[in-house]
Amino acid sequence: MATLGDIGVAATINIITAIIFLLAFAILRIQPFNDRVYFPKWYLKGIRSSPLHSGALVSKFVNVNLGSYLRFLNWMPAALKMPEPELIDHAGLDSAVYLRIYLIGLKIFVPIALLAWSILVPVNWTSDGLQLAKLRNVTSSDIDKLSISNIERGSERFWTHLVMAYAFTFWTCFVLMKEYEKVASMRLSFLQSEQRRPDQFTVLVRNVPSDPDESISESVEHYFLVNHPDHYLTHQVVYNANDLADLVEKKRSTQNWLDYYQLKYTRNQDQRPRIKTGFLGLWGEKVDAIDHYVAEIEKLNDQIMEERKKVKKDDKSVMPAAFVSFKTRWGAAVCAQTQQSRNPTEWLTEWAPEAREVFWSNLAIPYVSLTVRRLIMHVAFFFLTFFFMIPIAFVQSLASIEGIEKSASFLKPIIEKDLVKSVIQGFLPGIVLKLFIIFLPSILMVMSKFEGFVSLSSLERRAAFRYYIFNLVNVFLGSIITGSAFEQLDSFLKQSANQIPRTVGVAIPIKATFFITYIMVDGWAGVAGEILRLKPLIFFHVKNFFLVKTEKDREEAMNPGQINFHATEPRIQLYFLLGLVYAPVTPVLLPFIIIFFALAYLVFRHQIINVYNQEYESAGRFWPDVHGRIISALIISQVLLLGLMSTKGAAQSTPFLIALPVLTFFFHRFCKGRYEPAFLRHPLQEAMIKDTLEQAREPNFNLKPYLKKAYIHPVFKDDEYEDVRSEVSGYYLGDTDDECVTVPTKRQSRITTPAASHASGGSMRSPS
């Protein structure tokens with residue numbers, strides 16, 4: 001069990017590590033040759049130019065200004081200087097809302113820590129429960145005297161913890177409600193002020209019923225001209241182009257190798273590069289590398305052209321889905337938020353994601369198979385979660401003094417030394433757990449892709465939810481169970497049955513020492529390592545030396561990255577869980593959590609301003625998940641406190657504690673009904689206002705060509721195709737395509753068709 005000295009050693013190691021990372025970053029960021037690594041966002045915006053293009057030869061690579069080294073910490077105030085409205089314009093609402101997760105952590109835990117340290121810590125410290133306990137085999141340390149474990153059984157002092165639990169709950173709920181209200185308001189304002197985007201007018205339609213007389217495209221056009229005659233504009237069917245996408249990706253990879261060998265040849269023209277054509281270039285016939293890859297690209301070009309024609313002509317390549325665009329946002333909102341058919345499994349509509357966040361390969365998955373896929377992943381995740389606990393418990397048992405002495409007895413003379421013992425008990429368990437789950441977010445993202453979600457934001461939200469559940473079961477509950485019940489097994493076997501709950505009640509808060517070490521490893525050193533960007537730094541210079549020939553190549557080599565919501569948000573939620581659980585039990589944990597939230601807010605604000613370039617913008621769509629998980633952590637903390645108090649002879653306080661999770665649940669229901677609709681549905685009133693204002697400002701804007709190519713699969717776009725969001729200058733054509741359209745249908749049945757068996761569309765008029 002870690003002592004106060006062990007915690008001090010772990011804190012020293014992690015503080016020194018964090019300082020080294022921050023100092024390395026401060027020096028590397030001001031070197032001209034690293035400018036694109038630490039400021040890529042400004043390059044992508046076209047605001048910053050490379051310092052390598054001007055000045056003396058030495059100053060192009062090394063910063064010779066000594067004054068800049070003295071001001072190496074100026075990035076900290078600079079990161080805090082940009083106001084939130086400017087940050088939203090610069091990086092998007094998703095980034096600004098993500099930062100508010102760290103702010104809400106500070107808002108919750110700073111007042112709670114002040115209250116806990118001024119009231120609970122003195123109450124715990126001045127008790128004698130650990131000395132008076134008859135559980136002789138339960139070990140403890142000085143740090144446990146600050147926890148509820150030091151309160152003797154049946155003491156009236158437990159009423160202090162009960163009152164503090166109510167205070168912590170009310171404060172947390174108050175902060176959550178204010179933040180939910182603020183973020184919902186920010187989202188609505190952002191959507192209202194946002195510039196025109198294709199997804200504002202577009203709906204994704206799935207499970208289009210097959211018709212023997214019409215193609216999918218004809219069915220979609222006919223259906224929407226009949227049922228949305230005043231607002232339907234155009235549509236784009238969805239193709240199964242996964243094989244074509246694989247060929248395009250293979251061509252891109254081959255082109256990279258060709259660029260590499262061409263660059264290599266330009267640097268040394270005495271000898272043309274040669275490669276072996278066998279597996280990984282290890283064996284096979286030796287050929288000219290440049291000629292080989294030129295021939296491969298020509299062959300791939302032919303295959304791509306053939307596959308494109310095949311996909312376009314083959315009806316089996318057309319999926320029963322389409323992106324349907326409307327003349328107004330109001331029309332799209334009505335379609336996306338209503339049932340289209342008496343059969344609720346057909347003509348399913350939802351808001352189309354941004355074109356840049358569509359996960360195209362999953363659109364080719366038949367809708368009927370999605371339920372089966374999700375059932376398979378639920379079962380797979382169940383086994384992943386619970387079987388993962390076995391190796392985690394095993395590895396953590398080895399990362400202890402007793403485990404090492406048992407498995408490697410010859411190391412006993414070394415590990416019994418005070419410093420080595422402190423490192424093992426205070427540092428090793430946290431770093432082992434961190435390393436063991438390092439690949440988990442990638443595994444969970446693969447599982448989400450298999451489930452068939454069609455947007456990057458939905459993929460990340462599902463992976464984040466599963467990562468949170470995994471952390472709850474394995475990192476939190478698993479560490480408590482293996483860390484308390486297993487360690488005290490000998491004590492259990494020698495006690496009467498009615499003593500065992502008391503042992504668990506005392507041992508669970510003692511496990512706080514392990515979580516303190518984990519917070520320092522993951523939350524302090526880990527966050528400091530994020531700002532250093534060591535992996536992107538190395539990769540950029542390797543690519544810059546071997547592959548880069550043009551400015552476009554250099555841009556691609558920058559790899560600014562983005563906020564990996566599925567990996568970072570569940571980690572933040574673990575700290576909310578730890579803080580809320582241990583606030584009334586072991587308040588000594590709270591300062592470590594507060595340092596994490598403060599440091600992470602500073603680091604990620606800097607990264608969002610200068611580095612990250614988000615792939616998509618969901619306008620804070622993930623906030624209900626954030627709110628719900630904090631509420632879950634709050635209820636878990638209340639239930640665990642209830643169980644702990646029942647083992648401490650405080651039965652008279654139990655009825656008062658039962659009310660807390662009930663009140664918290666009803667608070668969550670209130671927030672869900674009051675604020676969550678802003679994240680799920682778009683108000684028709686807001687859509688009409690935006691349509692009316694836009695029509696007044698740009699009466700001659702022709703929307704149809706603007707939307708027609710918005711949702712074409714990337715593999716069908718020409719290389720010189722530009723994003724339609726920037727192609728607005730050519731859309732003012734005067735004619736808005738409002739004239740009456742009559743489309744004959746080939747359908748023989750008239751079940752869903754007017755008597756004339758024609759679909760008519762009139763001029764656009766305001767909805768009544």
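Two strands are said to pair if DSSP finds at least two bridges between them. Strands here are DSSP runs of E with at least two residues, helices are runs of H or I with at least four, and both are numbered from the N terminus.

Good morning. The structure above is a predicted model, in which local features need pLDDT of at least 70 and side-chain atom pairs count only at pLDDT 80 or more, while totals for chains, interfaces and linings use all residues. Residues are numbered from 1 along each chain as its sequence is written, and side-chain values use heavy atoms, with hydrogens and water left out.

I begin with the sheet. Four strands form an open, antiparallel sheet in the order β2-β5-β1-β6. The edges are β2 (232-239) and β6 (348-351), each with a single partner strand, so one side of each has no neighbour in the sheet. Strand β2 pairs with β5 (residues 318-326) in the antiparallel sense over six bridges, and T234 stands opposite S325 in β5.

Helix α13 lies across β1 (202-206), β5 and β6, and runs at about 130° to β6; axes are lines fitted to C-alpha atoms, for helices over the stretch in contact (heavy atoms within 4.5 Å), and angles run from 0 to 180 degrees between N-to-C directions.

What does α32 pack against? Its buried residues (under 20% relative accessible area, 1.4 Å probe, protein chains only) pack against α9 (158-193) and α13 (329-336). In α32, the buried residues are A687, K690, D691 and E694. They cover an arc of only 100° around the axis, taken from the directions from the helix axis to the C-beta atoms, which puts them on the same side of α32. The face turned away from this buried side carries Q685 and A696, which are exposed (over 50%).
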